[in-house]
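Okay, thanks for coming, everyone. Let me put the chain up on the screen and then walk you through a few spots.

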Amino acid sequence: MEDLFFIDENDRVDGIEKVTGKAKYFAEYQLPGLVYGVLVTSTITKGKIIGIEAKAANNAPGVLAVLSHLNKPSVPAYEQEGGSPMKIFYTDQIFFNGQPIALVVADTFERATYAASLVKVSYEKTPFNTDFEGSIKDTKAKKLQGQAPYKRGVENAYKTAEVQVEAVYTLPVETHNPMELHGIIADWGVNDNVTVYAKTQGVKSTQNTIAGTFKIPVENVQVNSQFVGGGFGMALRTWPLEIAAVMASKQLKKPVKLVITRDQMFTMVGNRPASYQKIGLGANKDGKITGITHTAFGQGATYENFTEGVVNMTKFMYASENVNTNYYVVPLDMGVPIWMRGPGEATGAFALESAIDEMAYALDMDPLDFRTKNDPETDPAQNRPFSSKYVKEAYKLGAAKIGWGNRKNKPASLNDGPWQIGYGVSVGVFNASRGRASVKGILKADGTLVLQSATSDIGPGTGTGMTLIASRLMSLPVDKITFELGDSSLPPAPSQGGSATLSTVGAAVNDVCVSLKSTIAELAANSGMAATSNFVDVLKKNNLPMIEVTKQSQGSPEAKNYSMYSFSIHFVQVKVHQATGVVKVSKIVSVGDSGKIVSPKTARSQMVGGAVGGIGMALTEEAILDNRYGRYVNNNFADYHVPVNADVPDIDVIFIDKPDPIINPMGAKGMGEIALIGFSAAVANAVFNATGKRIRSLPITPDKILAS
Ligand code: MOS
């Protein structure tokens, strides 16, 4: 089979497995005696469960159990009072519509689904509030400080500036909705040993959560998650529904599979919270920014906290002496949000980067010139240098590639028949971080290298990147290297989140390879062999079938003297149809300033994926809640629109590809988040350039264009 495919050293190491269906995702594991769980969910938005009539369900064919707060299967950590997270089946309180309140387990999925439909729940309803924008305007509605207020220089300095822009930008709830549905297979075995097959961005995190919740030793929990069908942040925590499956397995002494439905993906596994942001921007007539004020509100939940860095980039992206920010969370009777690709920054960038564009027009300046003029050499928030930053070069490269010279600074100046044409640009930025990870390397006399780490791959190509790092250091072809991941028993690594995996785990791979090479050199010297000897010969001569090393790696203390960020510049050309208001993104150039590119093909794919997600965020994605009922009305893929091939033009990706000297031995900064951050503002800015219509509310749907 493999001969059918051309293998290039940059191809995904697991590409063939994925496209041939050989790659096994959590729901595909067939354990002996596997039984199936289906959740019953709340049909009210707030209140209390009065009763659950489960007799019919219990008597239905194949049903093994109906679990709910009435029978409270044993969960030691839930016996304690108070605290977060939501204790599934340990409360009669309803916090949101669609909350899981019972789990029906049967011998087949179909029988469990049927039986779940027979469960009758009675409630005591209480008044609820899911109205986000209404709550911001309502002075009595609760607002929590999401991040400490920040001030540099004079507060609200924009109000006295020569030129002022003041505007409100809003984003709806967006949902992650990767193709793979969320869920888990839990198998509680003898002596309280638990094996799970999970959809998770962190096998160690899932392991720790399950062990902590059931108060069993961490090593009793084995988490397997070799392949993940997309995450975007939703699998960065263990959700209550996963605990429900473990509870059921513990009680029934059988492996239990729970896969939620597409509509449940909208309610019980988080979302990108809706936001309302006000930006005040001041500049002098020469185009120097004199003040930025950014006040943001994010939608939250009543039963758990969630905050993100919505106002972070405002503090340092532009050189303004005066900056003040504030961020609040508005708790509502909705499911708790979670990080979604470019968490916080993707939200903040839409507002800030739209406002920057508005100011450029107010000054009658080219938005690129305005940005360049206000681009800081050092981090103005932390008063320290950037570890590396090539934003000005990125502006130039992207502008040349998209044909920025064809753009007219006066809006609504270019046409192609009924279509108006415009160009837009925006910046994205995200913390370039590096955590602590361990990797084990096993170098074998058969000429192969096995690397192991309990990291994850939700799609970016972790194994490919790690293999390429090792291949170059060891001068070994990629097909001689295997990188094992997605298994909690391997050396520990952090969850795959915050664009940190390549930087963090890659550095440990680097250290392992450096160590293996020095061991080989030592063995060669001790056995009178040339320093250039092949490791296979060295191992054979020393009668060693293999050598092993495990290295833990983390950033150097020097890193604290620098601000480390990855940057992206997104350029788009749009066509807006004058009669219908339809927006088509017709050209995309995304420039990544993310240090040295380790894995060119998967890095490009990251940027392409971010641009596709960005088109969705800009033009179509919106989870619509009916505030009369607290329920989503478009909780399916027919009504929640994500881009399809016809919506996506060819995407040009350019990388600066210069190593960051501080972050790690590869000089590589992360890029998962920056691929998306800022993209929606580039589209909004291009729509303004095309039409003269400033749409400050995502998504930019035809009705908004026609109405303005
Ligand atoms: Mo990402 S939101 O850190 O999975």
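So, where does Lys253 lie? Lys253 sits in the loop between α6 (240–252) and β12 (256–259); helices here are DSSP runs of H or I with at least four residues, strands are E runs of at least two, and both are numbered from the N terminus.

Quick housekeeping. This is a predicted model, where local features need pLDDT of at least 70, side-chain atom pairs count only at pLDDT 80 or more, and totals for chains, interfaces and linings use all residues. Residues are numbered from 1 along each chain as its sequence is written, and side-chain values use heavy atoms, with hydrogens and water left out.

Back to Lys253: its phi is near 55°, a positive value in a residue other than glycine. Lys253 is exposed, at 71% relative accessible area (exposed is over 50%, buried under 20%, partly exposed in between, with a 1.4 Å probe and protein chains only). Asn543 also has phi near 55°, and it's in the loop between α12 (535–541) and β23 (546–553). Asn543 counts as exposed too, at 70%. For background, most residues other than glycine have a negative phi, and most peptide bonds are trans. Pro699 is in the loop between α14 (679–691) and α15 (702–707).

Now the inside. The largest nonpolar core has 85 residues, and Phe571, Val574 and Val683 touch the most other members. Helix α7 (residues 345–362) gives the most to this core, nine residues. By core I mean buried Ala, Val, Leu, Ile, Met, Phe, Trp, Tyr and Cys residues joined through side-chain atoms within 4.5 Å. Leaving aside neighbours within four places in sequence, Val574 is in contact (heavy atoms within 4.5 Å) with residues including Ile421, Val585, Val683 and Ala690. Apart from that core lies another, of 49 residues, among them Leu103 and Met234.

And what about charge? Arg407 lies in the loop between α9 (391–402) and β18 (414–416). Arg407 is buried yet has no salt bridge; Asp366, the nearest side chain of opposite charge, is 4.1 Å away. The bridge cut-off is a side-chain nitrogen of Lys or Arg within 4 Å of a carboxyl oxygen of Asp or Glu, and for charge, Lys and Arg are positive, Asp and Glu negative, with His and chain ends not counted. Asp366 does turn up among the contacts of Arg407, as does Asn689.

That's my tour; over to you.
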